[in-house]
Amino acid sequence: MKKRVMLSAIGIAMLSALAPLAQGQDVIKVGVVAEFSGPFAAYGQQIETGMRAYMVQHGDTVAGKKIELITRDTGGPAPEVAKRLAQELITRDKVQFLAGFGLTPNAMAVAPVVSEAKVPMIVSNAATSAITTRSPYIARVSMTIPQVSAPMAQWALKNGVKQVFTVVADYGPGIDAETQFSKSFKAGGGEIIGSLRTPLQNPDFAAAVQRVKDAKPQAVFVFLPAGEQGIAFVKTFNERGLSAAGIKLIATGDITDDHVLEAMGEPTLGMITAFHYSAAHDSAENAAFLKAYEKASEGKTGKPNFMAAAGYDTMAVIYEVVKKLHGDIDGDKAMAAIKGMKWTSPRGPVWIDPETRDIVQTVYIRKVEKKDGKLANVEFDKVADVKDPGKEAAK
Ligand code: PHB
């Protein structure tokens, strides 16, 4: 009798010693490297809350594994910090996936790290075309800037715009926007009468806007990273009387970001943009996403935008991979599972191009209007199944 008691005591001791190990094996860790502080803090918040919205809707366990997010803040565009955080997440925290990356320089810096470690990296925003060419372990669920810039050029041409001035942020996605817009616009007979690039950090738009005004184009095409910069640009554009002078403002939808649209106010009314996601998108999937986002946000992160939607899709991809691999994550098998993956996103039908590991999706032409008393990017035209045209241009 005594012996049996002793044995079971040992058994319990052994079990509890093994418990952390067993628990570790039942968890899949996703390292989220993004901007959670500084002027781009909304990027990380939107992406993470979008990811959590997916978990609110689908539960936190898949294929018997509990999904755990580990977030790390780059503090802004900081490639060296992003690289270090990714290395630590892989070696110390043993994450099976990396995700996040609002800004291009942060995503670019991590490419060699995931190549070396063979860890799948899902880009939830950063949109410079070349990012996915930097490592076979990168897939992207957001967009590429050329993918949304080409349809904007085509719409402008169809609607009688013949002369455009371009203004873009002076880094990867801005240069992609300028290159692709100009290429598509000129190919259709349009003329670019001037081009300007503004700094990524602390831009002052007064001089740029004045130069556009003096050049008197029919329209100005703009790419600026979503958030504060769009607010500042639109304010300066109106204060300097460009709309009054009849100059149209066309852009990728980053500028009328749903998260800050209300703050930009009535001057945005009538603005035309091309983009892959609008919070006003009319579908059952989007309605469910908005509801889940509200729950996940607990009122803390404001209105969801395209980064939140991409965060949600980041988790859609991760859950599907975990399911397909029965919870046993291997980098090469994960990437094979992602290639060609198809699903219905809150933005509409999407799939991952197996050749580029970039998302293929509908690009919508939208106009800012009042909907139920609130400003909204209302979709009124679209181009279906758009691949990234930027890869061709870069060859
Ligand atoms: C990027 O850095 O790639 C980026 C940032 C903000 C955007 C789009 C792209 O709105």
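## Basis of the model

The model is predicted: local features need pLDDT of at least 70, side-chain atom pairs count only at pLDDT 80 or more, and totals for chains, interfaces and linings use all residues. Residues are numbered from 1 along each chain as its sequence is written, and side-chain values use heavy atoms, with hydrogens and water left out.

Helices (H or I, at least four residues) and strands (E, at least two) are DSSP runs, numbered from the N terminus.

## Helices α2 and α10

Helix α2 covers residues 41-58 and helix α10 covers residues 284-297. Their axes come within 8 Å and cross at roughly 110°. An axis here is a line fitted to C-alpha atoms, for helices over the stretch in contact, and angles run from 0 to 180 degrees between N-to-C directions. The two helices are therefore roughly perpendicular to each other. Angles of 65 to 115 degrees count as roughly perpendicular, under 35 as roughly parallel, over 145 as roughly antiparallel, and the rest as oblique.

On the α2 side, the contact is made by Gln 46, Thr 49, Gly 50, Arg 52, Ala 53, Val 56 and Gln 57. On the α10 side, it is made by Ala 288, Phe 289, Ala 292, Tyr 293, Lys 295, Ala 296 and Ser 297. Contact means heavy atoms within 4.5 Å. The residues of this contact divide into seven nonpolar, five polar and two charged. Ala, Val, Leu, Ile, Met, Phe, Trp, Tyr, Cys and Pro count as nonpolar, Asp, Glu, Lys and Arg as charged, and the others, Gly among them, as polar.

## The largest nonpolar core

In soluble globular proteins, nonpolar side chains tend to be buried together. The largest nonpolar core of this model has 128 residues, and Leu 98, Phe 233 and Val 321 touch the most other members. A nonpolar core is a set of buried Ala, Val, Leu, Ile, Met, Phe, Trp, Tyr and Cys residues joined through side-chain atoms within 4.5 Å. Buried means under 20% relative accessible area, exposed means over 50%, and partly exposed lies in between (1.4 Å probe, protein chains only).

Helix α11 (residues 306-324) gives the most to this core, with 13 residues. Leaving aside neighbours within four places in sequence, Val 321 is in contact with Phe 97, Ile 329, Ala 334, Ala 337, Ile 338 and Met 341. One of these, Ala 334, is in helix α12 and is buried, with a relative accessible area of 0%. Not counting residues up to four places away in sequence, Ala 334 touches Pro 120, Val 321 and Leu 325.

## Helix α8

Helix α8 (residues 228-239) has twelve residues and reaches 17 Å from its first C-alpha to its last, close to the 16 Å expected at 1.5 Å a residue. The expected span is 1.5 Å times one less than the number of residues. Gln 229, Gly 230, Ile 231, Phe 233, Val 234, Thr 236 and Phe 237 of α8 are buried. The buried residues pack against β7 (163-169), α7 (206-215), β9 (219-223), β10 (248-252) and α9 (261-264). The helix is followed by Gly 241, whose phi is positive, near 75°.

Gln 229 has a relative accessible area of 7%. Beyond four places in sequence, Gln 229 touches Phe 40, Pro 199, Leu 200, Pro 203, Phe 205 and Leu 224.

## Thr 273 and Tyr 364

Thr 273 lies in strand β11 (residues 272-275) and is buried, with a relative accessible area of 0%. Tyr 364 is in strand β14 (residues 359-371) and counts as buried at 5% relative accessibility. Not counting residues up to four places away in sequence, Tyr 364 touches Thr 273 and others, including His 281, Arg 347 and Asp 381. Contacts of Thr 273, with such neighbours left aside, include Met 152, Ala 251, Tyr 364 and Asn 377.

## Two loop residues with positive phi

Lys 216 is in the loop between α7 and β9. Its phi is near 50°, a positive value in a residue other than glycine. At 63% relative accessibility, Lys 216 counts as exposed.

His 326 is in the loop between α11 and α12 (331-338). His 326 has a positive phi of about 50° although it is not a glycine, and it is exposed, with a relative accessible area of 67%.
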